[in-house]
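Please open the model in your viewer and keep the sequence panel beside it. The stops below say what to select and what to look for there.

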Amino acid sequence: MKKYLIFLALGFISTVGHAQNITWATPAKLQVYALTAAGEQLLMTSENLLVTYDQLKMAGELDLGSFQTGHDLLRNLLDSAVSDKITLSAVIPEGKFIYRDMVEESFPVETALRYGETISQIILVYEISNRRTSLANTFDITVTGSLSLKDDLGITRDTGLDDKISFMFFQNVQTRTY
């Protein structure tokens, strides 16, 4: 009986020792790249992409009003938006968001994108690096992806832009180790 209690106590201690709680996350910094019909690359940015993680579930929300750009074609695209936000949701594959002393991990994640009434599936490619100290894990997250204005956002009018839009966002997430 004593041995059983000792094993139970050790199992509980080791489980608690690896428990993680997110203590803070920065808003993601988003960069969106588009090409004009003439091949000129245009950029718009937002520092207000809110991405949260609950266990392996990712949820993101972007207020389109937070975009900054100096390009008329992109400003016209934003001004004619049928919705004021885009949401993302995904499940990170098991074993990919790892808590170790140091990790460099890259993996694709199928992600649901919602814009107004349009729902589509896109692929996000995560690159995660992790630094662990005795108090916390810090994750540097870089995510890249692309989408189709027509297929993924339902924009069928002529925008003066190539149909494919590429994007990248950066975020830091910290968890506390107990």
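Select D72 and D79 of helix α2, which are exposed (over 50% relative accessible area, 1.4 Å probe, protein chains only); helices here are DSSP runs of H or I with at least four residues, strands are runs of E with at least two, and both are numbered from the N terminus. This is a predicted model, in which local features need pLDDT of at least 70 and side-chain atom pairs count only at pLDDT 80 or more, while totals for chains, interfaces and linings use all residues. Residues are numbered from 1 along each chain as its sequence is written, and side-chain values use heavy atoms, leaving out hydrogens and water.

Now select L74, L77 and L78, the buried residues of α2 (residues 72–79), where buried means under 20% relative accessible area and partly exposed lies in between. Seen down the helix axis, these buried residues fall within an arc of 95°, so they line one face of α2; the arc is taken from the directions from the axis to the C-beta atoms. Their cover includes β2 (28–35) and β3 (41–54).

**Second stop: a strand pair**

Display β7 (residues 118–132) and β8 (residues 136–148), which pair in the antiparallel sense over nine bridges; pairing requires that DSSP finds at least two bridges. A hairpin of three residues joins β7 to β8, and L124 stands opposite G145 in β8.

Finally, select S148 in strand β8, which counts as buried at 4% relative accessibility. Leaving aside neighbours within four places in sequence, S148 is in contact (heavy atoms within 4.5 Å) with L153 and D163.
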